[in-house]
Amino acid sequence: MTVEAHKETLGFQSEAKQLLHLMIHSLYSNKEIFLRELIANASDAIDKLRFASLSEPELLGKDSDFKIRIDVDKEARTISITDNGIGMTRDDAITHLGTIAKSGTSQFLQSLTGDQQKDSQLIGQFGVGFYSSFIVAEKVVVETLAAGTDSSEAVRWISIGEADFEVETIERPARGTTVILHLKADQDEYLDGWTLKNIVKKYADHVSVPVVMKKEAVVADDDESVQDITEYETINTAKALWTRSRSEVSDDEYIEFYKHVSHDFQDPIRWSHNKVEGKLDYTSLIYLPAKAPFDLWQREAPRGLKLYVQRVFIMDEAEQFLPLYLRFIKGVVDSNDLSLNVSREILQKDPAIESMRTALTKRALDIMEKLAKDDAEKYQEFWKEFGQVLKEGPAEDFTNKEKISRLLRFSTTHTGAATQDQSLDDYIGRMKEGQDKIYYVAAENYHTATNSPHLEVFKKKDIEVLVLYDRIDEWLMSHLMEFDGKQFQDVAKGSLDLGVLEDETEKENHEKVEEEFKDLVSRITELLGEKVEEVRITHRLTDSPACLVVNEDEMGMQMRRILESAGQAVPGSKRIFEINPEHPLVVKLNDEPDLDRFSDLTMVIFDQAMLAEGSQLEEPANYVKRLNKLLLELSA
Ligand code: ADP
């Protein structure tokens, strides 16, 4: 092979190119984070090598003194970050540094607005990483040798952060990676040792390997020429943060550590750091993020905690420690019981994992519960980001149903706004004397829900109703069933029984009216035929002439619409058509002798009931025709 064959120029994947461009332009106000990202990568590379050497000790060779070294060359205007971690092969460098493997990247990029302020927030949710080098560097050179490969197979990767990068094979005696940043003209501040040390302290104190830098030269008064100082000092505490006691760790350190494990740009809301001893022996540090990551809804997105066994990094995203509905929780767990060669398959079967999962789930729910109690406003922000995910909880985690239920937030007819900020306890606190059910109305959106005819009697009697309009809501309700001994009741299901909320005279009156309208009910039943299951008189309406309900044991209409729109076959169900005897149109219908007009009016009222609940008409054109006919008769 010729030397030229070793050197090639390759284009960045288009997503990578876009991200690079964005990074350079939108993160300018927070540029020092490049160092955090590069140190995090170096530390990850050391973790990976440590792990790999458990089964292949020869990978370490003679060098098991792990460290990350930062060097500054003022003349060349470069900063180099060197680690003796796992390194990269040529193929690794091309793939890892030239493409972005995260699924959903292109959708993410499309969601960007072009507004730098907003985009810098968004990009934080994506995770910044290696490309942040280009915020301060005009050229980045990476020299790397993969552990276990020959020194002649090292590779140099060079890019100026535009369309392409170059790779060539080089000699490198030592395993590991050096990232050399050639600073842009106006970035001289980073050539200053003190500045760099402060940044390292600020962002990488918790990194468990030493980060070393040359000692600063002190110029003596009687000036002898300053000698080149070759002595290195360790800048960070270099102790795994979770192994320290809580009282020793400051909030800032917890926050920085979060950014390190989560690749999130923003501060977390809360965290919980616990050491468990006894039957099981482990430490966990879990965080509640402030913002949802871009891939929260991507099925295949990685999730889970970083797993360590006896301080040795084992894997990222160990998803066995938390249920799916808590996939937004980030953090680490360090076990003293598991074996160092534990695999994902073993994790799935190990009974110890099951009890850790139970404890961690409870801990995560406790963080939220405490947040809700201490700071309703912050909790509200959390709910906006993750409430939809938490709603998956009752179905997935039956044991914690009650606990999760207390964390749910709803909008209700009481607050009169499309803001989900009321808890079930709030609702129960306002229940009417004698009320034994929690009522809810479900529709496609807030407006349709709150204008549902089914709410009329509740408005009249001033009974509060939960207003549900998220896709998942009816499904959630079907798993909740009850809360605090009170059943949930869909206001559009079954015959309305308000129990003691109705007095005796009202009930007697209902019976009388039903008798009076018996004939009308059978005329309508005959006319509608197969279209409905039943026609009956209702007392749930005040303003509307009619509404449709489903039987108690049938699927709710909103759920039906969602399943149908997802292309699922849903068994057909017939509806119950309820008419309001107090409404002038129904009274008119009762007195209508003309058969044609009776039929038109009935059909119009029926179709309107469909429209009011947000359903589609089977024959909209006929509806329009009938309505216009009636309108013309009116004006004649
Ligand atoms: P992330 O760290 O979130 O995966 P980055 O863009 O920071 O994303 O890095 C991309 C990949 O490049 C890493 O996942 C890793 O495989 C590789 N990489 C980066 N820096 C190093 C390093 N110092 N040593 C070994 N591999 C590295």
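Met 368, Leu 371, Ala 372 and Asp 374 of helix H10 touch Ala 376, Lys 378, Tyr 379, Phe 382 and Leu 390 of helix H11; contact here means heavy atoms within 4.5 Å. This is a predicted model, where local features need pLDDT of at least 70 and side-chain atom pairs count only at pLDDT 80 or more, while totals for chains, interfaces and linings use all residues. Residues are numbered from 1 along each chain as its sequence is written, and side-chain values use heavy atoms, with hydrogens and water left out.

The contact of H10 with H11 has seven nonpolar residues, no polar ones and two charged. Nonpolar covers Ala, Val, Leu, Ile, Met, Phe, Trp, Tyr, Cys and Pro, charged covers Asp, Glu, Lys and Arg, and the others, Gly among them, are polar. H10 spans residues 351-374 and H11 residues 376-390. Helices are DSSP runs of H or I with at least four residues, strands are runs of E with at least two, and both are numbered from the N terminus.

The axes of H10 and H11 come within 8 Å and cross at roughly 140°. An axis is a line fitted to C-alpha atoms, for helices over the stretch in contact, and the angle runs from 0 to 180 degrees between N-to-C directions. H10 and H11 are therefore oblique to each other: under 35 degrees counts as roughly parallel, over 145 as roughly antiparallel, 65 to 115 as roughly perpendicular, and the rest as oblique. Their crossing is left-handed, meaning the near helix is turned anticlockwise from the far one by less than a right angle; clockwise is right-handed.

Next, helix H2 (residues 33-55) and helix H7 (residues 193-204). Their axes are 9 Å apart, at an angle of about 60°, so this pair is oblique. The crossing of H2 and H7 is right-handed. H2 brings Ile 33, Leu 35, Arg 36 and Ile 39, and H7 brings Leu 196, Ile 199, Val 200, Tyr 203 and Ala 204. Eight of these contact residues are nonpolar, none polar and one charged.

H17 passes H20 in a left-handed crossing. Glu 474, Trp 475 and Ser 478 of H17 meet Met 557, Gln 558 and Met 559 of H20. That contact divides into three nonpolar, two polar and one charged.

Now aromatic pairs. How many does the structure hold? There are 21, counting rings of Phe, Tyr and Trp (its six-membered ring) with centres within 6.5 Å; planes under 30 degrees apart are stacked, over 60 edge-to-face, the rest tilted. One of them, Phe 130 with Trp 157, is edge-to-face, 5.4 Å centre to centre with 75° between the planes.
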